[in-house]
Amino acid sequence: MADVDGKWNCTVETPMGAQEFILTVVSAGDSFSGSAEGGIGRKDIDDGSVDGETLAWTMHVSKPMPVTLTCRATVTGDVLEGKVKAGIFGSFPITGTRIG
């Protein structure tokens, strides 16, 4: 099992520019809880899953418009990389670095 726990400084590259947030991950076996906090406000993550080095979760956001974000990222050391699918708007890259 990879060490996925901690705080991650994340950026999603979208057509509206870079969207930054802090992702907090607290794993428990094959699941994780935590939160995402940034321009979208603070959202609790209650459906996070862990599969080896891969994190998967969803977030329901209302800004700038209501959409469900489906997120999947792989952790390698202190680096997180993956994709965020924003409903009908497509998928965008997510990157992150561990900050704690």
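Start your tour by selecting Ser35, which lies in strand 3. Keep in mind as you go that this is a predicted model.

With Ser35 selected, is its surface buried or exposed? Ser35 is buried, because its relative accessible area is 6% and the cut-off for buried is under 20%.

Next, show the side chain of Arg42 as well. A polar contact of 3.5 Å links the Ser35 and Arg42 side chains. Now bring up the other residues around Ser35. Setting aside neighbours within four places in sequence, Ser35 is in contact with Ile22, Leu23 and Thr24, and also with Arg42, Lys43, Asp44 and Ile45.

Zoom out to the strands. Select residues 17–28 for strand 2 and residues 31–38 for strand 3. These two run antiparallel, and eight bridges join them. To see one place where they face each other, pick Val26, which stands opposite Ser33 in strand 3.

Follow the chain to the turn of this hairpin. Which residue takes a positive phi here? Gly29 does, with a phi near 70°, in a hairpin that has two residues between strand 2 and strand 3.

Now go to the other partner of strand 3. Select residues 41–51, which make up strand 4. Strand 3 and strand 4 are antiparallel too, with seven bridges between them. The link from strand 3 to strand 4 is a hairpin through two residues.

Terms used
Residues are numbered from 1 along each chain as its sequence is written. This is a predicted model: local features need pLDDT of at least 70, side-chain atom pairs count only at pLDDT 80 or more; totals for chains, interfaces and linings use all residues. Side-chain values use heavy atoms; hydrogens and water are left out. Two strands pair if DSSP finds at least two bridges between them. Helices (H or I, at least four residues) and strands (E, at least two) are DSSP runs, numbered from the N terminus. Buried means under 20% relative accessible area, exposed over 50%, partly exposed in between (1.4 Å probe, protein chains only). A polar contact is a pair of N or O atoms within 3.5 Å; within protein, one must be able to donate a hydrogen and the other to accept it, and residues adjacent in sequence count only if both atoms are side-chain atoms. Contact means heavy atoms within 4.5 Å.
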